[in-house]
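Visitor: I have a structure to look through and would like to ask about it. Could you take me through it step by step?

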Amino acid sequence: MQHQGSCLCGTVKYAVSGSFNAFYLCHCTRCKKGTGTAHGANLFAFNAQIDWLQGLEKVKRYQHLNTRHVKSFCTDCGSPLPPLEHDLNCVVVPAGSLDTDVPMSPSAQIFVKSRAPWFNGIAHTPCFNGLPK
């Protein structure tokens, strides 16, 4: 199976060949800081391959000091992207960077002890298809 993805400005495009094995919503402090949101939403594909189709020179990698926490992003628009290098035979893909449909629902929420307190009651928050009037 092949999945396509890109950054917000369209400069960087990639393809992942393989199936996703897990989809985690991570509430750890690093994912919250790295995304600016309540959690990271990452797909894990073991034994998959990533091919950078365009804009590879615009991808920058950041690794948090003395940890395995790595993120890559477009230097033009800042969009999160799959890491340039991956270990454990696993490609980690930020779910929001996919242009093709995410083929699964989240498998689990992890590091929930670090969950933002304002996220706890989100199920009861009103929903709108656009900006509220």
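Visitor: Is Lys58 buried, partly exposed or exposed?
Guide: This is a predicted model. Buried means under 20% relative accessible area and exposed means over 50%. Lys58 has a relative accessible area of 28%, so Lys58 counts as partly exposed.

Visitor: Which residue forms a salt bridge with Lys58?
Guide: The count for the model comes to 1 salt bridge. The pair links distant parts of the chain, 18 residues apart, with Lys58 in the loop between E5 and E6 and its partner in the loop between E7 and E8. The closest N and O atoms of the pair are 3.2 Å apart, and the partner of Lys58 is Asp76.

Visitor: Which strands are the edge strands of the open sheet of 3 strands?
Guide: The order in this sheet is E6-E7-E8, and the pairing is antiparallel. E6 is joined to strand E7, residues 70-74, by 5 bridges. An edge strand pairs on one side only, and this holds for strand E6 (59-63) and strand E8 (80-81).

Visitor: How far apart are the C-alpha atoms of Pro80 and Ser6?
Guide: Pro80 lies in strand E8, while Ser6 is in strand E1, residues 2-6. Along the chain they are 74 residues apart, yet their C-alpha atoms are separated by 9.3 Å.

Visitor: Is Ser6 buried or exposed?
Guide: Leaving out residues up to four places away in sequence, Ser6 touches Val12, Lys13, Tyr14, Leu81, Ser97 and Asp99. With Asp99 there is also a polar contact of 2.8 Å between the side chains. The relative accessibility of Ser6 is 14%, so Ser6 counts as buried.

Visitor: How many residues has the largest nonpolar core?
Guide: Strands E2 (13-17), E3 (22-26), E4 (40-46), E5 (49-54) and E9 (90-94) each supply at least two residues of this core. Val16 is among the residues with the most contacts inside the core. Beyond residues up to four places away in sequence, Val16 touches several others, including Ala48, Ile50, Val91 and Val93. The number of residues in the largest nonpolar core is 19.

Definitions and conventions. Residues numbered from 1 in each chain as written. Predicted model: local features only at pLDDT ≥ 70, side-chain atom pairs only at ≥ 80, totals over all residues. Heavy atoms only, no water. Pairing = 2+ DSSP bridges. Helix = DSSP H or I, 4+ residues; strand = E, 2+ residues; numbered from the N terminus. Core = buried A, V, L, I, M, F, W, Y, C linked by side-chain atoms within 4.5 Å. Buried < 20%, exposed > 50% of the residue type's maximum accessible area, 1.4 Å probe, protein only. Contact = heavy atoms within 4.5 Å. Polar contact = N/O pair within 3.5 Å; in protein donor to acceptor, adjacent residues only side chain to side chain. Salt bridge = Lys/Arg side-chain N within 4 Å of Asp/Glu carboxyl O.
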